[in-house]
Amino acid sequence: MVDLRVNIGIELQNPLILSSGILGSSVGMLKRLAGTGAGALITKSITENPRVGHENPTVIEVAPGIILNAMGLPNPGVDLFLNELEEEDELKIPIIPSVAGYNEDEFGRVAARFEDAGYEMVELNISCPHSTEFSTGKVIAQDTGRTSQVISAVREITSLKLIVKLSPNVTDIVEFAEVALDAGADALSLINTLEALEVDPFFEVPVLGNIFGGQSGESVRCIAQRKIADIALAMHSDRIRNVPLIGIGGVRTPEDVFRFILLGVDAVGIGSSILYEDLAIFENILDGLERMMVDKGYESLDVFRGKAILRIAEMMV
Ligand SMILES: Cc1cc2nc3c(=O)[nH]c(=O)nc-3n(C[C@H](O)[C@H](O)[C@H](O)COP(=O)(O)O)c2cc1C
């Protein structure tokens with residue numbers, strides 16, 4: 001038997017986490033997901049008031065492994081979401097609410113509601129590339145000042161553990177990690193989706209209702225690895241503080257999880273691949289991961305976490 005437990009600020013039975021926004025929008029669905037083998041579930045991003053989201057189409061597979069979405073953060077609002085959650089029995093798996101908002105005050109108020117309801121940790125979604133109509137303007141995670149303000153505001157009024165979800169749509173992601181950590185982030189998750197567009201050559205219009213969207217799926221896996229490596233190398237060289245990392249982006253197989261852990265992540269988010277593999281993805285990846293670890297003689301994830309980062313650091317001197 002291998003030990004798959006990880007600690008991201010809270011203890012998880014295994015490193016697989018449902019990423020925000022994929023199936024985690026209704027409490028009924030969270031209940032179904034709780035029995036799939038995942039180590040934790042991150043909910044759909046929740047705002048203070050209900051949001052209907054953008055016009056259809058909102059999610060499209062434009063080619064195998066290339067998913068575009070512009071959902072526009074549809075959600076029932078924090079009050080309704082919490083009411084539904086409270087009606088459920090214990091879900092027996094850590095639930096991490098994802099918090100979103102227009103500004104630092106809304107982030108603070110929504111996070112405080114989750115804290116009052118007994119949650120220990122939230123993820124701050126400051127990096128959704130299409131939270132505004134037509135994805136215009138910078139998102140919070142593309143502006144160091146606003147990144148700092150939002151995290152500080154939540155830090156000030158709650159004692160929640162904070163995962164901050166970073167955007168890949170910046171020149172230097174380490175700069176944003178540094179700002180997030182200085183403002184009080186306890187863990188970092190990355191990557192959110194990449195700014196994207198697809199035009200339909202027959203109808204001669206963009207395929208998504210919101211015109212622009214965010215790209216995810218296997219097509220972003222190597223980009224995610226590069227961004228994770230940038231952060232992990234900055235931690236290795238003490239440029240930034242060492243905190244738990246949740247690696248997200250295109251993960252579909254046990255080998256992908258292995259790759260991300262070799263780059264130093266503590267846990268791995270599973271998102272778009274559920275569209276291909278269904279809910280069995282969690283058990284299938286866990287089985288494969290265990291087999292790989294047994295074959296290599298690794299008893300726990302700690303034994304090989306960050307090995308590729310050490311190698312990369314050596315190669316770069
Ligand atoms: C349909 C869809 C909805 C999403 N909604 C959210 C969301 O509400 N909040 C959030 O932080 N990320 C959201 N994301 C981004 C994912 O959590 C994840 O960061 C991204 O898709 C990359 O991972 P993947 O390639 O495994 O999907 C969404 C992604 C998709 C495909």
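Predicted model: local features only at pLDDT ≥ 70, side-chain atom pairs only at ≥ 80, totals over all residues.
Setting aside neighbours within four places in sequence, isoleucine 231 is in contact with Leu166, Ile173, Val174, Ala177, Leu188, Leu190, Ile240 and Leu245. Show these side chains together with Ile231.

Leaving out residues up to four places away in sequence, Thr58 touches Leu68, Asn69, Ala70, Met71 and Leu208. Threonine 58 is located in the loop between β4 and β5. Is Thr58 buried or exposed? Its relative accessibility is 14%, and the limit for a buried residue is under 20%, so threonine 58 counts as buried.

Remain in this loop and select proline 57, which is also found between β4 and β5, the latter spanning residues 59-63. Asparagine 56 and proline 57 are joined by a cis peptide bond, with omega about -10°. For another bond of this kind, move to leucine 190 and isoleucine 191, where a cis peptide bond has an omega of about 15°. Isoleucine 191 is placed in the loop between β10 (187-190) and β11 (194-196).

Leucine 73, in the loop between β6 (66-69) and α2, has a positive phi of about 50° although it is not a glycine. Isoleucine 211, in the loop between β13 (205-206) and β14 (213-216), is likewise not a glycine, yet its phi is positive, at about 70°. How does each count in terms of burial? Leucine 73 has 8% relative accessibility and therefore counts as buried. Isoleucine 211 has 29% relative accessibility, so this residue counts as partly exposed.

Which of its residues are buried? They are Val78, Phe81, Leu82 and Leu85. These residues lie on the same side of α2 because they cover an arc of only 95° around the axis. To see what covers them, display α1 (27-34), β4 (40-46) and α3 (104-116), which are included in that cover.

Finally, select the ligand. How many residues surround the ligand? There are 23, and the closest are Ser20, Ser45, Lys165, Gly250 and Ser272. At serine 20, a backbone N or O atom lies 2.7 Å from an oxygen atom of the ligand. At serine 45, a polar side-chain atom lies 2.7 Å from a nitrogen atom of the ligand. At serine 272, a polar side-chain atom lies 2.6 Å from an oxygen atom of the ligand. Taken alone, the ligand exposes 600 Å², of which the protein buries 96%.

Note on methods: Residues numbered from 1 in each chain as written. Heavy atoms only, no water. Buried < 20%, exposed > 50% of the residue type's maximum accessible area, 1.4 Å probe, protein only. Helix = DSSP H or I, 4+ residues; strand = E, 2+ residues; numbered from the N terminus. Arc of directions from axis to C-beta. Contact = heavy atoms within 4.5 Å. Near = heavy atom within 4 Å. Polar contact = N/O pair within 3.5 Å; in protein donor to acceptor, adjacent residues only side chain to side chain. Areas by Shrake-Rupley, 256 points an atom, 1.4 Å probe, with all protein chains shown as cover.
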